[in-house]
Amino acid sequence: MFEIKEELLNEFAILAVEVGVNVQKGQSLLIQAPIEAYKYVRKCVEVAYKKGASKVMVDYVDGERTKLDYIYQNKETLCDIPKWQIEKLKQNIEDGYARLVIIGEDPDLLKGIDKEKVKEARIALLKAKQDYQYYSMNGVGQWAIVAYPNVEWAKKVFPEETADEAMNKLWDAIIKTSRCEIGKTKENWTKHSKEIHDHCDILNKYNFKKLHFKNSLGTDLTVGLVKGHIWSGGSETSTGKFKAEFQANIPTEEVFTMPDRQNIEGRVVTSKPLSYNGNIIQQFSLSFKNGSVVEYDASNNLEVLESILNSDEGSKSLGEVALISHNSPISNSNILFYDTLFDENASCHLALGACYPSTVKGGCEMTKEELLEIGGNDSINHVDFMFGSDDMEIIGETYDGQKIEVFKNGNFVF
């Protein structure tokens, strides 16, 4: 029987609310969550109010109901984004809200659904919200993502187990990789965040001009970095109405920065499946020239990959490069989660689409045009995909021509 102990559920809520979004006294909190996570949501609401939140709002997501929309609505109706939905987002931002997203859905939810419908509806929603991307991408407000198991997801990860046993195993994996431990969670994250910050400090001192990635899967890729780039990772501090330290991704192992979208050359081959909009692409490759994808291939769901690349011009280039040692908790678990939040933190990854302005000096004060001018990328998308491996080699080149070994056999050398 699948059962979560009350004490552990409460500790996990503390992790999300106090370490993740770190909601402040007098601040509003919006929680978005699957309906299956309602017990956990109630815990998060209680923790938030006890911490001083002025108001906690909850938006529940029902994956199966969403699936019915895609089956029965026509494309035009799906793409008609209600004005109130955007006004609500605008109002929340003006109020300085914090946002907690609880994920947990069937990775194959939209398998067999008209992919054109899914693509057009997704693009319409992203375009409608694009003017408000800055709130999270620039670190203006606190936000965090955590996970909660559901049966379909658990059975995808552990197909040989019964539903209850699969749920127990997935819950255990979520707790362990999220460094959640009764009475020690905050201490664990303080230590972990410092370790990530230390790696950022070393990389920032090198101030690399570009990175060269190579492994046996076929990746041979050179990624230029924008001048003045900043390596980030671990906790960060919001700059808006409520200035607070927060941890966006739980779990996280990455350090990441801004590529130069015009200076990317070579080929990258994925090492883990990409779960995207209810469809799974098992493996794909991208070839870059002058910073843009010029060739691509996929073992399955090629049309899903095409829909990402063709969303807008920025989707054909990169907005993020992230480094993660192969020797890390998620990687060492040998679990394929079929969810980017976890799988991207088991492997070096790249992101097609928008850059994080906070990963270049002065970026949060730059206009979109200024970011583009220095080599940043603008897009409605930000899609992470994994390409790290146990034999990944990374060489960094400095502006004075020095070549520094960054990764050997899949891990940081420092």
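Modeller: Buried means under 20% relative accessible area, exposed means over 50%, and partly exposed lies in between, computed with a 1.4 Å probe on protein chains only. This is a predicted model, so local features need pLDDT of at least 70 and side-chain atom pairs count only at pLDDT 80 or more, while totals for chains, interfaces and linings use all residues. Residues are numbered from 1 along each chain as its sequence is written, and side-chain values use heavy atoms, leaving out hydrogens and water.

Colleague: Good, let me try that on Asn 301: is this residue buried or exposed?

Modeller: Asn 301 is buried, with a relative accessible area of 18%. You will find Asn 301 in the loop between β14 and α11 (302–309); helices (H or I, at least four residues) and strands (E, at least two) are DSSP runs numbered from the N terminus.

Colleague: Which residues is Asn 301 in contact with, leaving aside neighbours within four places in sequence?

Modeller: Contact means heavy atoms within 4.5 Å. By that rule Asn 301 meets Lys 115, Asn 279, Ile 280 and Ile 281, once neighbours within four places in sequence are set aside. The side chain of Asn 301 also reaches the backbone oxygen of Ile 280 at 2.8 Å.

Colleague: Now the backbone. Where should I look for a positive phi in a residue that is not a glycine?

Modeller: The general idea first: most residues other than glycine have a negative phi, and most peptide bonds are trans. Here, Asn 207 has a positive phi of about 50° and lies in the loop between α10 (185–206) and β5 (210–214). Asn 277 is another case, with phi near 50°, in the loop between β11 (274–276) and β12 (279–281).

Colleague: On to packing. Which residues have the most contacts inside the largest nonpolar core?

Modeller: In soluble globular proteins, nonpolar side chains tend to be buried together. A nonpolar core is a set of buried Ala, Val, Leu, Ile, Met, Phe, Trp, Tyr and Cys residues joined through side-chain atoms within 4.5 Å. The largest one here has 56 residues, with the most contacts made by Phe 12, Leu 29, Ile 31, Tyr 40, Leu 100, Ile 102 and Trp 171. Among the elements that each supply at least two of its residues are α1 (6–21), β1 (28–34), α2 (38–51) and β3 (98–103). The largest share, 10 residues, comes from α1. Apart from this core lies another, of 40 residues, among them Phe 208, Leu 211, Val 406 and Phe 407.

Colleague: How many residues of α1 are buried?

Modeller: 12 of its 16 residues are buried, so call α1 mostly covered; Phe 12, Ala 13 and Ala 16 are among them. Tyr 40 is in contact with those three, and also with Leu 9, Ile 102, Val 146 and Tyr 148, leaving aside neighbours within four places in sequence. After α1 comes Asn 22, with a positive phi near 50°.

Colleague: What pairs with strand β13?

Modeller: Two strands pair if DSSP finds at least two bridges between them. β13 (residues 284–289) and β14 (residues 292–298) pair in the antiparallel sense over 6 bridges, and Lys 289 stands opposite Ser 292 in β14. The hairpin of these strands has 2 residues between them, and Asn 290 takes a positive phi near 50° there. Strand β10 (residues 259–269) also runs antiparallel to β13, with 4 bridges; Arg 267 has Ser 287 as its bridge partner in β13. In β13, 5 of 6 residues are buried.

Key
A polar contact is a pair of N or O atoms within 3.5 Å; within protein, one must be able to donate a hydrogen and the other to accept it, and residues adjacent in sequence count only if both atoms are side-chain atoms.
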